[in-house]
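Morning, everyone. I'd like to take a few minutes to walk you through a model, so let me put it up on the screen.

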Amino acid sequence: GWHLPTDEEWKLLELNLGMSKDELSKEGNRSSGSVGFKLKSVSGWEYNRNGNNYSGFNSIPGGYQGLSTETYLNLGKSANFWTQTLQQDQVVWARYILSGYTGVFRSKENLHGLRSP
């Protein structure tokens, strides 16, 4: 069944799509292998900066809901994904696929203050 992936599961996906081993554990934009381009859907991205969906992942640019607002931000510009891997207390690893980039961003995100659905 479906589950929230771990940071290691994301790394395995990225490696299998061509990301270099040197970049897997780095933070920020990791562009080797154009993995973001391979994960992006073929339509819907701002300024026609679509991907080729080589992976079948079909990432759409749904943006994210701001913590202090009921509206969604970055629609058409980003796809944001959490992992279940805690880096430290209340901090998890996340992935971002952004319009205009062919890589995948990896960063730490603080869970403090997130609203429950």
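So, to start: which residues form one aromatic cluster? That would be W10, F57 and F81. Quick housekeeping before I go on: this is a predicted model, where local features need pLDDT of at least 70, side-chain atom pairs count only at pLDDT 80 or more, and totals for chains, interfaces and linings use all residues. Residues are numbered from 1 along each chain as its sequence is written, and side-chain values use heavy atoms, with hydrogens and water left out.

Okay, aromatics. Rings of Phe, Tyr and Trp (for Trp, its six-membered ring) pair if their centres lie within 6.5 Å; planes under 30 degrees apart are called stacked, over 60 edge-to-face, and the rest tilted. By that rule we get four aromatic pairs. Take Y101 and F105: the ring centres are 5.2 Å apart and the planes sit at 85°, so this pair is edge-to-face. Y101 is partly exposed, at a relative accessible area of 39%. On that scale, buried is under 20% relative accessible area, exposed is over 50%, and partly exposed is in between, using a 1.4 Å probe and protein chains only.

Next, charges over rings. For that, NZ of Lys or CZ of Arg has to be within 6 Å of the ring centre and within 35 degrees of the ring normal. K40 has its charged end over the ring of W45, 4.8 Å from the centre. Then there's R106, which lies over the face of W93 at 3.5 Å from the ring centre.

W2, L4 and W82 make a nonpolar patch of about 380 Å². Patch residues have over 30% relative accessible area and no salt bridge; nonpolar side chains (Val, Leu, Ile, Met, Phe, Trp, Tyr) are joined within 5 Å, and like charges within 9 Å. A salt bridge here is a side-chain nitrogen of Lys or Arg within 4 Å of a carboxyl oxygen of Asp or Glu. The areas are Shrake-Rupley with a 1.4 Å probe, and for residues only the protein chains shown count as cover. W2 itself is exposed, at 76%, and lies in the segment before α1, which is 7–16. Helices (H or I, at least four residues) and strands (E, at least two) are DSSP runs, numbered from the N terminus.

H3 is in the segment before α1 too, and H3 is partly exposed at 41%.

Last stop, backbone angles. Most residues other than glycine have a negative phi. N74 isn't a glycine, yet has a positive phi of about 65°. You'll find N74 in the loop between β3 (72–73) and β4, partly exposed at 33%. Q90, also not a glycine, has a positive phi of about 65°. Q90 lies in the loop between β4 and β5 (91–98) and is partly exposed at 37%.
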